[in-house]
Amino acid sequence: MPIKAILTDIEGTTSAVSFVFDVLFPYAREHLPAYIRSHAEAPAVAAQIEAVRSESGELDADIERVIEILLGWIASDRKVTSLKALQGMVWAQGYRAGQLKGHVYPDAVAALREWKARGFDLYVYSSGSVQAQKLIFGCSEAGDLTPLFSGYFDTTSGHKRDIASYRRIAEAIGVPAVHVLFLSDVAEELDAAQQAGMQVCGLAREGGELGGHESVASFAQIDPARY
């Protein structure tokens, strides 16, 4: 079954985990409190504040308590959609100000450009919000890479270790799962995608095994045409 679409993770796959943990998370942690205080009345921010209250079970939390909850979620790397959305807004401010530049491995940049030129449709699936995904690729060290991608998916499509998430994505793409190649550095994500019917390849940049899945150390070692 020939591959028609390639779906890639970001953190640890196209981009360094250290960029997220050493650059993005500290930036959000530092700037999020002031951002929420100054934008709390903006409709998009207000909606996420309400979502934080709902998801935390603290429906009467004031703004300072909401900030405290969010900082706790950042510290524990919680995959909460409202947090991801607010982080994306804060990062957008940083990217616009030139304080942030998205990290994408050179081998990923080269391969994505080659695959696009060869006619493969490229998509992103990350626990980070779609907004954050577009920022990391749109304001990357290699320039604006967003023209390479046909679509983006985040946790609004489901969690990354759930089989149903990959079925939803395949349906949204309009390509049978068997014609989609999924790339990730997490074995459980590869398991879920494979069980949904997708072809999979692991990125093990530091070597090692990914739950028995075929894995490579670089995008340069991947040829979608052979799957």
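Predicted model: local features only at pLDDT ≥ 70, side-chain atom pairs only at ≥ 80, totals over all residues.

**Helix α3 and its neighbours**

Modeller: Let's start with α3, whose buried residues pack against α1, α2 (43-56) and α4 (81-96). Packing here is judged by contact, meaning heavy atoms within 4.5 Å, and helices (H or I, at least four residues) and strands (E, at least two) are DSSP runs numbered from the N terminus. Residues are numbered from 1 along each chain as its sequence is written, and side-chain values use heavy atoms, leaving out hydrogens and water.

Biologist: Which residues of α3 are buried?

Modeller: Buried means under 20% relative accessible area, exposed is over 50%, and partly exposed is in between (1.4 Å probe, protein chains only). In α3, that picks out V66, I67, I69, L70, W73 and I74.

Biologist: How do I read where they sit around the helix?

Modeller: An α-helix has 3.6 residues a turn, so residues three or four places apart point the same way.

Biologist: What is the largest nonpolar core made of?

Modeller: A nonpolar core is a set of buried Ala, Val, Leu, Ile, Met, Phe, Trp, Tyr and Cys residues joined through side-chain atoms within 4.5 Å. The largest one here has 57 residues, and L70, W91, W115, L183 and I222 have the most contacts inside it. Helix α1 (residues 17-39) gives the most to this core, with nine residues.

Biologist: Where does that core lie relative to the domains?

Modeller: Domain 1 (5-16 + 103-221) and domain 2 (20-97) both contribute residues, so the core lies between them. Those bounds come from an automatic or database domain assignment.

Biologist: Now the strands. Is β4 covered on one face or both?

Modeller: Both: V180, F182 and S184 are buried on one side, L181 and L183 on the other.

Biologist: Which strands does β4 pair with?

Modeller: Two strands pair if DSSP finds at least two bridges between them. Four bridges join β4 to strand β1 (residues 5-8), running parallel, and four join β4 to strand β5 (residues 199-203), also parallel. To find the pairs yourself, look for L7 opposite F182 and S184 with its bridge partner G202.
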